[in-house]
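Dear colleague,

I am passing on a structure that you have not worked with before, and I would be glad if you could look through it alongside the notes that follow.

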Amino acid sequence: MILSQAVEQYILHKRSLGIGFRSEAVRLRAFVQAIGDCDMRLIEPAPVLRFLEGNGPLTTFWFSKYHTLKAFYRYALARDYCASCPLPLSVPQKPEPFQPYIYTNQDIERLIDAADSRHRYRWLLEPHTVRTLLLLLYGTGLRISEALSLTLADFDTDAGVLTIRQTKFFKSRLVPVSTDLSGVLCNYIGRQWPGRFRSETSPLLGTQKGAPVTRQTAELVFKRLREQAGVSRSTEASFQPRLHDFRHTFAVVRLVTWYREGKNVQRLLPHLSIYLGHGRLQDTQRYLSMTTELLQQASLCFERYARPEAPHV
């Protein structure tokens with residue numbers, strides 16, 4: 001069996017099961033390009049290992065490629081497309097897990113101040129667009145792709161509800177927003193989209209020319225903004241704060257708030273999972289151990305449950 005044919009059959013098989021299989025398909029097609037479109041029985045372990053290792057240091061992406069190929073070869077072996085699996089028999093030790101950056105209130109204030117202070121003609125995006133994007137991400141926990149895909153028709157100004165359409169996992173959902181954030185969005189729409197230029201298909205967040213904001217542009221503008229505001233990890237850190245970390249911040253802040261209010265977090269967790277658009281509850285549960293403050297609040301709640309007679313500060 002020719003490698004590219006086997007890969008495309010495998011992708012179709014996975015999608016026929018209702019699996020999106022987008023990132024895995026990208027990795028498998030990259031594997032075909034790296035190895036060459038040859039008979040699967042002729043593939044040697046050495047080029048496969050070079051594909052896994054890439055050009056940089058070991059990251060979790062090594063394991064993503066490895067597990068994608070392992071599942072593919074399990075499929076291929078079951079159909080006798082090849083006689084053996086060329087993947088390495090041993091895997092390296094995983095690097096330290098990536099920890100998202102959790103923005104503090106001071107970080108948000110510095111970023112907003114930096115956005116408001118920049119001169120509009122030096123930006124790829126106008127300052128009021130950058131400010132609205134930051135507040136939208138911080139106030140809703142949307143994925144950056146979801147925020148940038150919103151149109152004016154997706155925002156119900158009367159109800160204060162955003163409609164997130166057919167995003168990750170092919171699901172749509174309704175996202176209520178606070179009164180303050182709804183006001184921010186309404187003010188932005190009035191400024192960005194004068195009535196005569198407005199239509200339901202207009203992007204909620206637009207460039208100076210009214211085009212949708214691309215992710216590349218948003219990431220580049222945020223990198224410049226973050227540097228100006230002085231929001232960063234230590235200089236030796238491998239990863240600096242990202243736009244996507246606003247989503248992690250939203251989830252952690254919500255959980256900490258529930259703990260402080262004495263709410264039953266385990267019971268409320270499925271609600272947060274639906275709000276964030278997670279495909280599995282486990283994706284939301286990982287936020288339970290993300291910050292020291294969260295652990296302290298959980299410990300305090302447990303102590304109140306176990307020792308109700310003890311004094312608490």
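This is a predicted model: local features need pLDDT of at least 70, side-chain atom pairs count only at pLDDT 80 or more; totals for chains, interfaces and linings use all residues.

There are 13 aromatic pairs in the structure, where rings of Phe, Tyr and Trp (its six-membered ring) count as a pair if their centres lie within 6.5 Å, and where planes under 30 degrees apart are called stacked, those over 60 edge-to-face and the rest tilted. One of them joins Trp62 and Tyr66, which is stacked because the ring centres are 5.4 Å apart and the planes stand at 15°. Both residues belong to helix α4 (residues 60-78), where they are four residues, or about one turn, apart; helices here are DSSP runs of H or I with at least four residues, numbered from the N terminus. Trp62 and Tyr66 are both buried, a word that stands for under 20% relative accessible area (1.4 Å probe, protein chains only).

The pair of Tyr75 and Tyr81, by contrast, is edge-to-face, since the centres lie 6.2 Å apart with the planes at 70°. Tyr75 is buried at 10% relative accessibility, and Tyr81 is buried as well, at 13%. Ring pairs also connect these two with Tyr10, Phe21, Phe72 and Tyr73 in a cluster.

Residues are numbered from 1 along each chain as its sequence is written, and side-chain values use heavy atoms, leaving out hydrogens and water.

Note on methods
Helices (H or I, at least four residues) and strands (E, at least two) are DSSP runs, numbered from the N terminus. Buried means under 20% relative accessible area, exposed over 50%, partly exposed in between (1.4 Å probe, protein chains only).
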